[in-house]
Amino acid sequence: MGLPGASRCLRAGFTLIELLVVIAIIAILAGLLLPALARAKDQAKKVNCMSNLHELQICWHLYSGDFAEMLAPNDDISTGVSNGSMANMDQLSWCEGQARFDTNTINITRGLLYPYNKQVGIYHCPADVSTVMDASDNPLPILRTRSYNMSQSVNGLGNLPDPNESGIPVDVVQPCFFKTTDIQNPSPTRTFVFIDENEDTLWDSQFGYPMPNYEANTWWDMPSNRHDQGANLSFADGHVEYWHWQVPMLFTLSPGDIGQSVPPNQMNDYNRVGGAMLLLPVNWNQL
């Protein structure tokens with residue numbers, strides 16, 4: 001029995017309709033916020049990728065400063081030896097190894113730029129989820145250690161004999177700059193050094209591109225498509241840019257193959273990449 005004069009407290013609850021309205025509002029807000037959060041996450045990865053390229057670009061400049069403005073050698077090219085077999089020339093690249101098969105960072109630490117920044121994470125784009133393969137091309141559950149390549153235009157070992165072209169110097173079909181003072185056309189502000197490469201073409205450490213009269217209009221290597229249909233590139237003067245592609249960069253050949261023809265709707269982007277490299281017609285008299 002209650003005390004005289006005491007009032008009875010009543011607890012009001014939500015009706016079913018009110019609960020459904022609240023749930024609907026939460027669902028609408030989630031639908032609005034989740035895409036924005038996803039875009040923010042992708043933007044953060046793009047910025048992180050640009051930071052990586054900036055750090056690698058600093059290493060590239062420091063190397064040339066230590067070696068009388070000579071550019072860091074680019075690509076651990078295989079070269080012929082006296083018995084006709086092939087042998088890799090160690091310590092001739094800014095980064096060694098084959099990204100498709102490297103299950104650890106040893107080849108990164110052997111590269112010529114590694115002493116200038118020993119953070120192996122700067123070699124990998126945070127948006128790159130591609131994994132390595134075993135010797136039989138079976139995928140392994142291990143992220144690759146490298147996502148970036150260096151343009152063949154910047155000391156692509158042009159003076160070495162190319163075993164794939166009857167031993168002629170590499171720069172006959174892949175011309176390159178050897179010193180920072182050589183970079184004039186394109187200018188340092190327009191010559192890219194590092195590029196965020198497509199995971200299906202990334203193999204060695206060099207980004208290749210054909211000359212106007214030698215396998216023209218084909219992708220030897222292809223830029224990545226990871227960052228909202230775009231890729232990041234660093235340039236010889238030190239700055240980094242994000243390039244958005246008019247159409248997606250999709251590689252349709254088997255991973256690791258070269259020579260994919262450029263479709264007409266991709267030609268503008270193809271020429272844009274080539275315009276940031278040293279392109280000279282091949283002198284056929286040297287072949």
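Modeller: Strands (E, at least two residues) and helices (H or I, at least four) are DSSP runs, numbered from the N terminus. What you see is a predicted model, where local features need pLDDT of at least 70, side-chain atom pairs count only at pLDDT 80 or more, and totals for chains, interfaces and linings use all residues. Residues are numbered from 1 along each chain as its sequence is written, and side-chain values use heavy atoms, with hydrogens and water left out.

Now let's pick strand β5, residues 148-151. On one side of the pairing story is β6 (residues 192-196), which joins β5 in the antiparallel sense over three bridges. Tyr-148, for instance, has Asp-196 in β6 as its bridge partner. Then there's β7 (residues 206-207), which runs parallel to β5, with two bridges joining them.

Zooming out, the protein chain has three helices and 11 strands, in the order α-β-β-α-β-β-β-β-β-β-β-β-β-α. How far can you trust it? The mean pLDDT (the predictor's confidence in each residue, from 0 to 100) is 86, and 83% of the residues reach 70 or more. Over residues 5-10, though, the pLDDT is below 50, and beyond near neighbours in sequence that stretch has zero contacts (heavy atoms within 4.5 Å) in the model. Where pLDDT is low, the predicted coordinates should not be read in detail.

Methods. Two strands pair if DSSP finds at least two bridges between them.
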